[in-house]
Amino acid sequence: NSSNNNDQLDPNNIEKLVYIFFNNFKEIINKKESIFNNYYFYCIIHKFIKLTNIIKNQNNSNFIDEIIEILNNNNESISSLLVKSLSLELDNNSTKNFTDNNFSSYSVLNKNLKLILSVLKYYNNGGYRNENIYKFIKNYIILCNNNQIIKKILNFDINSQILNNLDIPSLFVKSKTGQSIIICKIYIIVLEIIKFILLNYNNNSLSSIFSIQNNNNSDNNNNNNNKFNDSNEIIYKFGYLFINQDDIAIETINSLLTVYNEVSNIKDNSNSDGNIDSNNNYKIINNNLILLKNLFVNSFNPHNIFCFFIKEICFYDHLIIIDMLISNETTFLNYFLNYLKLTSTLSTADIFSHREDKEEFISCLSLLYNSIETSNNNNIFPYNPKILLLKLEMYLNKLKTINKQK
C-alpha cells in the first residue's frame, strides 16, 4: 500500500519482498514441525504459488521448485492432515476443530486442495518440470489409491457403486454444501493429474506413475464399457454436483475438454517395440493410456457435456452465456472457443444423439450469435468477437443441417 504509485506495481519490489518473506518462512518451517497442522501454512504456500505468476524471471522456476521440495519433504505430515480432514468432513463432523488455530476440517481441506490444484495448474500451463514435480504427482496418486474415501469418489469407472447411490434431487438442493465442493475439487485435481501425465507421458520419470495407476482388474474392464455406454447418464448424474457452482463447473468442463482432446490422439501401440524405459513398463503405460482413452471417449462426450451445461446451468438463456463470455472471473471464453474448434471434427453420431431438445438448443445458440453480432456492430461488445462469431456460425450451420436430415 505504498503511497508512491510508481512503486505499487513494480515487479522488482514485489520480488524482493516475496523472497525475503519466503526465506524467513523456510526458517520457521525448519524450527516448528507442527506448522503442517496449521491452516495458515497452506494459506501462505498457496499465496506463494499464486505470486509465481507475477515473478517472471529465471529465478522463478527455482522459487517454485523450493516450494514443491518443502511439500515433498513433509508429504507424510501433509497427507496425514489431508486424510484426517477428509474423513471428518465427509463423516459430517466438519464442526470438529483439530488444527492449531481451531479451524474446521472443511477450511483446512479446502485450502489444501486449492494448494494442490494451484501447483498442478502452474506446471500444466508450462512451468519448468523436474523430478520434484514428478515426485509430487506420484505422492498424490499414491494417496488417491490408498485412501478409501477418495477411492470411493474416484473409482466410479472401475467397480464402485457411487453412481447408483447418487441422489440427484438431494444433490441439487445441497450442491453448495462443503461436501459437494470438496468432491468437485477432488475431481478437478484428478483431471489435472491426468492432464499432466498425458502431456508428459514420454518422460522416463512417469513410468512409475503409470504403474501405480495400474490397479484395475482386467475382469472389470468389460463391465466398465457396458456400464458407461450412455454418456448422457454419467454426465447428468455427476453434473448435478456442479450445478450451482458456475466457476467450478466451467473449470471442470474446460479440463475435461483438454483431457478429451489429448486422449483422442492416443494410439494403441501395444504391439510396438517401444522403449520408454528399460524396465519393460512400456506395455503398462500403453494399457493405461488406452484405458483413459476408452473412459473419456465413451463416457465424456464433449457435446453432451456442453448440452448439459447450456440446459442445466444456463437454462437455455443466451444472456447468461454472454455474461460468462465477457466475465474476467471464469475461463468460459477459452472453453467455448476450444469446444467450437472441436465441433468441426465431431461426427454426426456425436451430435444430437437421442436428444429431444434440439430446437431449443439451436435457438439458444442462434440468439447468442445474433446478440453478440448486434453488440459488436454497435461497438459495445468488450472485445473483438470476430473469431468467436465465425466459429459459432459454422457450428450453427452444421447443427441446422444435421437437424434437417433428422
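In the predicted model, the side chains of Glu-66 and Lys-26 form a salt bridge, with an N to O distance of 2.4 Å. Glu-66 belongs to helix α4 (residues 60–73) and Lys-26 to helix α2 (residues 11–31), so this pair ties together parts that are 40 residues apart in sequence. Glu-66 is partly exposed, at 29% relative accessibility, and Lys-26 is likewise partly exposed, at 21%.

The structure contains three salt bridges. Another of them joins the side chains of Lys-121 and Glu-251, at 2.1 Å from N to O. Because Lys-121 is located in helix α6 (residues 105–124) and Glu-251 in helix α15, the pair links parts that are 130 residues apart in sequence. Lys-121 has a relative accessibility of 27% and counts as partly exposed.

A salt bridge is also found between Lys-195 and Glu-192, where the closest N and O atoms are 3.2 Å apart. These two residues lie within helix α11 (residues 178–199); being three residues apart, Lys-195 and Glu-192 are separated by about one helical turn. Both Lys-195 and Glu-192 are buried.

Helix α15 (residues 246–264) also includes Thr-252. With a relative accessibility of 6%, Thr-252 falls under the 20% limit and therefore counts as buried. A polar atom of the Thr-252 side chain lies 2.7 Å from the backbone oxygen of Ile-248. When neighbours within four places in sequence are left aside, Thr-252 is in contact with Ile-188, Leu-191 and Phe-242.

Key. Residues numbered from 1 in each chain as written. Predicted model: local features only at pLDDT ≥ 70, side-chain atom pairs only at ≥ 80, totals over all residues. Heavy atoms only, no water. Helix = DSSP H or I, 4+ residues; strand = E, 2+ residues; numbered from the N terminus. Buried < 20%, exposed > 50% of the residue type's maximum accessible area, 1.4 Å probe, protein only. Polar contact = N/O pair within 3.5 Å; in protein donor to acceptor, adjacent residues only side chain to side chain. Contact = heavy atoms within 4.5 Å. Salt bridge = Lys/Arg side-chain N within 4 Å of Asp/Glu carboxyl O.
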